[in-house]
Amino acid sequence: MKKYAPIIVGLVMLTAIFIAVLAMGNVFSGGNSNTGNSLSPSMTLDNPRRSPLIVTLTFMTLPSGEGSLKYPTLSGGAEDKKMNLSIKSEAAIFADSETKAQTVNCEIYYNDNGLFSFALYSYDSIGNKIGVLALTYNCDTGTKLLLSDIMANQNPSWHAGIANILNYKARELVLLSEIKPLDDSRLFYITGTSIVFVYRLYEIATYSAGCIEIHIDYNELAAFLGPESPILRIKNLVLRME
């Protein structure tokens, strides 16, 4: 019996190695069926991830001649030229309107999944924020997005429904009047988790309140988003990564 002991030990070791190899193969091949089936096809096939654009800040002299405006110039996408022309035009119009501005800075809030969103903020000589312009683009088409491009137009309740949410969120501010139902003139930008609605000086509150920005999480807007809304690109990707 003793002379067979090394053979028995060897067989036991080979069996253990074989079982370990099978287990590793199961892990690498995605053997956990729950994980493999947790993603719907629409999250991986219909909404492929788009790469962020390359952003360079370009300077424009303000009408006063004493300051400058910074705005984004884009590259790395199919519709860069179209977006750059639009952004430059919007920035020039904004610069002309900001007669008291000494400087205009740019903040980029979202640049991924075929969407680009930013805001320009103007400041006076003592650093007070006195103006704002917010823009969001669909990088697949090169077009500026309006609220109606994001919300479900066949369900017009979003106009008043979102205003109700905004009024609730602004309840601690001293408003000059209630926030009225929204339309496509409403300024907004997007982030990875929310739409931010932007109000200029005196639009809904006194000067001391400054430019007002109210964030509404995408989950709070779910009932108003259209089935083809570009925002769903973000929503699906966030859900997939959680």
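**Exercise 1. State which residues line the second largest pocket, and how they divide by class.**

Solution. The lining consists of Ser177, Glu178, Ile179, Lys180, Pro181, Leu182, Asp183, Ser185, Arg186, Tyr199, Glu203 and Ile204. A pocket here is an open set of points on a 1 Å grid over the protein atoms alone, where a 1.4 Å probe fits, with protein on both sides within 12 Å along at least five of seven lines, and lining residues have an atom within 4 Å of a point. Sorted by class, this lining holds 5 nonpolar, 2 polar and 5 charged residues, where Ala, Val, Leu, Ile, Met, Phe, Trp, Tyr, Cys and Pro count as nonpolar, Asp, Glu, Lys and Arg as charged, and the others, Gly among them, as polar. Two residues of the lining, Arg186 and Tyr199, also meet each other, for the charged end of Arg186 sits over the ring of Tyr199 at 3.9 Å from its centre; the criterion is that NZ of Lys or CZ of Arg is within 6 Å of the ring centre and within 35 degrees of the ring normal.

The model is predicted, so that local features need pLDDT of at least 70 and side-chain atom pairs count only at pLDDT 80 or more, whereas totals for chains, interfaces and linings use all residues. Residues are numbered from 1 along each chain as its sequence is written, and side-chain values use heavy atoms, with hydrogens and water left out.

**Exercise 2. Describe the lining of the largest pocket.**

Solution. Of the 18 residues that line the largest pocket, Leu133, Ala134, Leu135, Lys144 and Leu187 lie nearest its centre. Next, by class, the lining divides into 9 nonpolar, 3 polar and 6 charged residues.

**Exercise 3. Determine whether the ring pair of Tyr109 and Tyr189 is stacked or tilted, and what the pair ties together.**

Solution. The whole structure contains 3 aromatic pairs, meaning rings of Phe, Tyr and Trp (its six-membered ring) with centres within 6.5 Å, where planes under 30 degrees apart count as stacked, over 60 as edge-to-face and the rest as tilted. The centres of Tyr109 and Tyr189 are 3.9 Å apart and their planes stand at 10°, so this pair is stacked. Because Tyr109 lies in strand 3 (residues 103-112) and Tyr189 in strand 7, the pair ties together parts that are 80 residues apart in sequence; strands (E, at least two residues) are DSSP runs, numbered from the N terminus. Finally, Tyr189 is buried at 2% relative accessibility, while Tyr109 is partly exposed at 28%, since buried means under 20% relative accessible area, exposed over 50% and partly exposed in between (1.4 Å probe, protein chains only).

Note on methods. Helix = DSSP H or I, 4+ residues; strand = E, 2+ residues; numbered from the N terminus.
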